[in-house]
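Thank you all for coming. I would like to walk you through one structure this morning, starting with a helix and its surroundings and then moving on to a sheet and some ring pairs.

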Amino acid sequence: MLRPLGMAGIPAIVASSEDAPAFASRYCGGRCILPPRNEPDALIEALLDTGDRLLRALGRRVPLMYGEDYFLELIYMHRARFEEKFLLLLSDPEVALGLLTKDRFEALARGRDLPVPRSLPWDLLSEIEDPVLAKPRSKFSWYHSPLQIQLFSDHGKALIFENGRAAAADPRVGRFRDHLTFQEYVRGDDRQLWSFHGVADEHGKVLASFVGRKLRTFPLLTGESSFIELIHDDALATFGRRMAEQVPLKGAFKMDFKTDVESGEHFLLEVNARFNLWHYLGAANGLNLMEVAYDYLVAGKRPPPLSYRTDTRWLCMPLDWRAYRQLAARRQLSLIGWLSSILFTRTVYNVFAWSDPTPLAMDFVRKVRKLLGLMKVWSRRWLSTAC
């Protein structure tokens with residue numbers, strides 16, 4: 001999120017935990033070190049205090065840009081207080097709440113005639129003969145939660161079962177069933193995944209947008225993006241814009257779709273009403289949605305029709321290496337094919353940048369410290385056992 005702002009010449013203060021790699025970026029103009037997430041009240045007060053000090057120093061509110069569901073939910077919960085200190089463009093409360101959990105999202109989507117996969121109640125799950133997808137109801141405090149650790153492997157965001165009976169028979173699923181939502185699986189692989197990204201005004205009118213496509217994810221089908229690109233597709237762009245304005249969404253958003261490989265029908269899988277990693281790729285291709293949002297929030301400036309290139313891709317090398325290994329095990333991608341896809345293209349990376357290398361160094365130091373801490377704990381346990 002920080003680099004698109006820096007590329008646009010917009011000064012930024014980073015609010016994060018004390019070891020965030022973004023603090024080492026050339027674009028970091030100031031630091032707001034936040035309390036740990038298990039102290040949400042203190043964290044909220046730290047953000048509001050920073051907003052208040054900036055308001056008094058500058059004589060105006062500044063935009064607050066957020067990149068995680070955790071922070072978005074905190075902002076929604078204390079909306080009036082944050083809007084008093086910061087410039088924000090948020091969806092209406094009904095829509096905002098509807099985007100926070102899968103159950104609420106489905107009700108919101110059905111009420112607005114959005115094409116979402118059919119939801120499957122637990123009591124009828126064992127009767128479903130077709131493939132079934134299981135997803136967490138909420139991503140709030142998701143990482144390192146018992147649900148994420150015990151049920152979802154690595155970076156997986158969902159589970160696919162051969163049919164409903166298999167899902168209902170899984171003891172892990174039964175244990176966490178109250179924290180899961182089940183829906184029909186949309187046929188196709190990662191190549192059928194695409195997304196529509198934009199910024200909309202307070203009336204839900206899209207100011208600027210682009211279409212993105214996932215080339216690879218890890219784990220396959222249900223994981224996080226490891227290799228992505230922008231595409232030009234007028235039909236998909238028109239469809240995405242219509243869906244966004246039908247909600248309506250306001251501020252920054254990302255809509256994830258999957259096109260059924262057999263019927264060609266588009267299904268809306270998820271909506272994230274926040275800034276995200278795709279905005280760096282958009283800026284690298286000439287369309288900086290964070291700059292669009294900043295200009296509109298600060299000056300009410302509406303951009304002229306904007307175009308973008310598609311020659312630069314985004315890569316997370318550690319994840320993509322693991323995605324390649326999964327594909328290679330299935331004989332779906334060769335080593336030469338994988339290397340060709342990442343070497344013969346212009347690329348931006350999740351952490352590293354030639355023009356801004358220090359965040360990667362800080363990230364490496366952070367991981368080394370974590371490893372040393374774990375080794376210290378292991379050695380103490382070994383010594384206590386040996387004695």
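This is a predicted model: local features need pLDDT of at least 70, side-chain atom pairs count only at pLDDT 80 or more; totals for chains, interfaces and linings use all residues.

**A helix and what it packs against**

The buried residues of helix H2 pack against strand S1 (12-16), strand S2 (28-33), helix H3 (69-77), helix H4 (79-85) and strand S4 (86-87). Residues are numbered from 1 along each chain as its sequence is written, and side-chain values use heavy atoms, with hydrogens and water left out.

A few terms are needed here: helices (H or I, at least four residues) and strands (E, at least two) are DSSP runs numbered from the N terminus, contact means heavy atoms within 4.5 Å, and buried means under 20% relative accessible area, with exposed over 50% and partly exposed in between, for a 1.4 Å probe and protein chains only. In H2, the buried residues are Leu43, Ile44, Ala46, Leu47, Leu48, Thr50 and Gly51. An α-helix has 3.6 residues a turn, so residues three or four places apart point the same way. Just after H2, glycine 59 takes a positive phi of about 80°.

Let us turn to the sheet. Two strands pair if DSSP finds at least two bridges between them, and an open sheet of 7 strands has the order S12-S11-S8-S9-S10-S13-S14, with mixed pairing. Its edge strands are S12 (266-272) and S14 (346-349), each of which pairs on one side only. Although S12 is an edge strand, it is mostly covered, with 7 of its 7 residues buried. S11 and S12 run antiparallel and are joined by 6 bridges, one of which partners lysine 258 with phenylalanine 267 in S12. These two strands form a hairpin with 6 residues between them, and glycine 264 in the turn has a positive phi of about 80°. Further along the sheet, 7 bridges join S9 (residues 206-218) to S10 (residues 224-231), again antiparallel.

Finally, which rings pair up in this model? Rings of Phe, Tyr and Trp (its six-membered ring) pair if their centres lie within 6.5 Å, with planes under 30 degrees apart counted as stacked, over 60 as edge-to-face and the rest as tilted. By this rule the count comes to 14 aromatic pairs. Among them, tyrosine 70 and phenylalanine 71 have ring centres 5.3 Å apart and planes at 85°, so this pair is edge-to-face, and both residues are buried. Tryptophan 194 and phenylalanine 257, by contrast, have ring centres 4.4 Å apart and planes at 15°, so that pair is stacked. Tryptophan 194 lies in strand S8 (residues 193-200) and phenylalanine 257 in strand S11 (residues 251-259), so the pair ties together parts that are 63 residues apart in sequence. Tryptophan 194 is buried, at a relative accessible area of 5%, and phenylalanine 257 is buried at 1%. Ring pairs also link Trp194, Phe239 and Phe257 into a cluster.
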